[in-house]
Amino acid sequence: MYRALYLRALAPEGPLPLSARDVELVRAALSAPDTNGAAGDAAGAGEQTGASGHGDDAALPDLMETVRRWSGEEADRFALVLEGPEAVRGVLRDCAPLALSAGAWLQWIPSPGNSETEPVLRVLTLYASDVGAGLPLSDRGSAYRALLRRHRIAEEQPGVRLASSEYVETAGFRLIALLLAMSRLPGEFLPEILGADLCLRAVGTPPAVAAVLGSGGAEGDDLESLDMGGARPGAAPTARELSLAAARAYIEERSALAGPAGGQEAERRLRLGFHWAAREVRSWSARLLDETSLARHPDHGVWRLICRRARQAAVYHSDYELDGRPLSDWFADVDAGPGPFLTALARSRLVRPGKPDSSPLLGGLVAPDGPMFRIFTEEDIAVLRRWIAHLPPEGAEPHPEDGLPPAHHEALREAQRAWHAQDADLDTGLDPARDAGEDAGRADPEAGSTTSPVRPGRRRTSAARSRPTARGAYRSLLSRADSPALREFAYSYATRWLARSRYAPHRAPERLPVHWDAEHGLRQWLTRAHDRHAETFQEGDVELPSREELIDSTLQLAPLIMIDGGWLQGFTDYQHASSRSGHLLFRTYWDELGNGESDLNHPRIYRALLSEMGIDLPATASPEFSAWPDFRDEAFSMPVYWLSISRFPETFMPEILGLNLAMELSGVGGSYRSARVGLKHHGFSTQFVDLHNTIDNVATGHSAWAADAIDSYLADLPGVLGPGRTHDIWERIKVGHRSLNPPSGRAAELYAAFHTRRANRARRPNHPAHRAPEAHQDRPHRPAHPDRLDLRS
């Protein structure tokens, strides 16, 4: 269950939305009572101080300190039982699902509809620290990945390999799976996410990992990076301080919007998330501590190895007898527990107790010419070697009745139930069609779609026949909330827009090179393009608009500028925000929103400019904004394209890279300077255009980052898709570049409609998240027109 939920919630493109069952699972976990006292002092502290009400948030630091103190004490308990490399690798693996995604639960809190708000700016500051904004592979997860590599552990990437690992217990996926599920639904779980984040920052380094580090298992800056509450290298505020600032900002905002009762409810839910996380962490840590204690005895490692291989081994070995039974029967009967099996194995001719080097099990059987060559990994052989070395000499009872092993074996048998649970979990959980539920839609044998609510050959409802305009879709796309219909609309709108952008490419006023220059990249082209912009400004006289024209044009750009950077919102996803090419896009997005500083937030600066012009627009995400009577309908066309394509950062990665370059370069050296002349002439602030003309510069600014992102992506491409694919991807980047100013007119529209229909007929329609990235060339796979969907689904 939790492995499957982890994988569903980990994928940035779905299958979304999460099913009703998933949401119920999260709600049940949040509301579960602390029946076994797992939350301990943290819950008690919350109950004592929770009645303080809004305005007295001193209890939040107290709660954090209580959890932080517990975490240190728990690390000491782990240090007492953590013995040997086998136990170290065990705890590092079991902590990997959480530690490799440290901070990922914040990934979808920012959205184009809330990017001006103080809580989101505080969250973004914290999240940018988590992902190491500005540097590739500098997220907290990468620091943990380096730790795994030093201990020669292969399960180092979040995803299916980690989720299917036989070395990681299912219990290790529960907390992170629920957190990631909540992260995909911030509209429903924002205060609980912030509360859980507070708790996890207080925990800092997971206690088991802290015990490993305390024994010399880390190097240099890793100690701080692995502490979820610590500061990143070179940064002053700690994550604990940033998390507390975000929580306080949220409570204050709710109080301002909904009065004292709103602030109290916000704090109540935030505390709920904190106490839930405290229960989860302590319960999981207690289980892991018990397992680590069991691992001190060599029988633990060898019995886990036998249990992992039992299913496959039971198919073989029917001809070899162990204590009068076929060895295959022993493997088929592992549920009986370790005692009889290990005793029989220790007495067999395969083992020389106390002498691993002379035991046939580790000799000829696993030699290059032996029947079990490469059956065991190096780690497996080390486990077997340790077990055999620990066995009493021949002639003595391997496990005396009055010693440790019988009780130890009973504990192993209990622990074994958790080991076996992972198989059943994976068998059911990895089938999205079974677990996604009715909310995500069922597969249609005619349409082949797993999510579409409107299928060909079926009568459309009156709602489905409605034609929402771009203006009508704008507000729905501002949030991270998803539905099959909204997702369908976004995909169809983006693909139709891109199809239009492919029309008559030779007529594009600003074109990328015919071929990507693998030796020099795009920097030289970028410099030449900037020179052309500058020449246009210098050689031409700036035609001054009238005051009325300037105000109107500024207003019509508001739906676009108020979501500045919106085309990149998909790159807040944890796996993209620190990747080799994606980190440059996240850095741009982070910059567009002011790097957490309100005075530099682009939507706020633009709102202030409009206010100077006598226009006070409502909040961007409000119904009143998109219904503002002075907006023309066409003012929403480009913003809806941005918002639509941004929902598919993997499917449309090449196109987004091209769009990003076009957007960042569009005004540098030319139109920004022209706009400055007009604004200054009429006495308005020029801060917005001045800021963009500097931060978008082609040497060290957004335009340079955009070019570098494309170069990094294309340079890595042969290793992912193989040689010979660069040209196809470059063509898609060029289409994305042109999509900022696609051709208009009847011919371009007919071209887009024809190629959209042809692509639908030629390709089996299925969800874009389930297709290889390279398969997305010139097609929307959906059967419906982008403006014929019911967005209320």
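Mentor: Partly exposed means a relative accessible area between the buried limit, under 20%, and the exposed limit, over 50%. Keep in mind that this model is predicted.

Trainee: Why is P718 called partly exposed?

Mentor: P718 has a relative accessible area of 38%. Buried needs under 20% and exposed needs over 50%.

Trainee: Where is P718 placed?

Mentor: P718 sits in helix α34, residues 702–721. Shortly before this proline, at A715, α34 has a kink of about 30°.

Trainee: What makes P723 and T726 contacts of P718?

Mentor: Contact needs heavy atoms within 4.5 Å. P718 touches P723 and T726, with residues up to four places away in sequence not counted.

Trainee: How do you know that the span of α34 is close to the expected one?

Mentor: Take 1.5 Å times one less than the number of residues. α34 has 20 residues, and 28 Å is expected. From first C-alpha to last, α34 reaches 28 Å.

Trainee: Which residues of α34 are buried?

Mentor: Among them are W705, I710, Y713, L714 and L717. Each is under 20% relative accessible area.

Trainee: What comes just after α34?

Mentor: G722 does, with a positive phi of about 90°.

Trainee: How many residues has the largest nonpolar core?

Mentor: That core has 182 residues. Y6, Y144 and W276 have the most contacts inside it. Helix α13, residues 239–294, gives the largest share, 17 residues. Apart from this core lies another, of 34 residues, including V302 and L322.

Methods
Residues numbered from 1 in each chain as written. Predicted model: local features only at pLDDT ≥ 70, side-chain atom pairs only at ≥ 80, totals over all residues. Heavy atoms only, no water. Helix = DSSP H or I, 4+ residues; strand = E, 2+ residues; numbered from the N terminus. Buried < 20%, exposed > 50% of the residue type's maximum accessible area, 1.4 Å probe, protein only. Core = buried A, V, L, I, M, F, W, Y, C linked by side-chain atoms within 4.5 Å. Bend = angle between axes of the 7 residues up to and from the residue.
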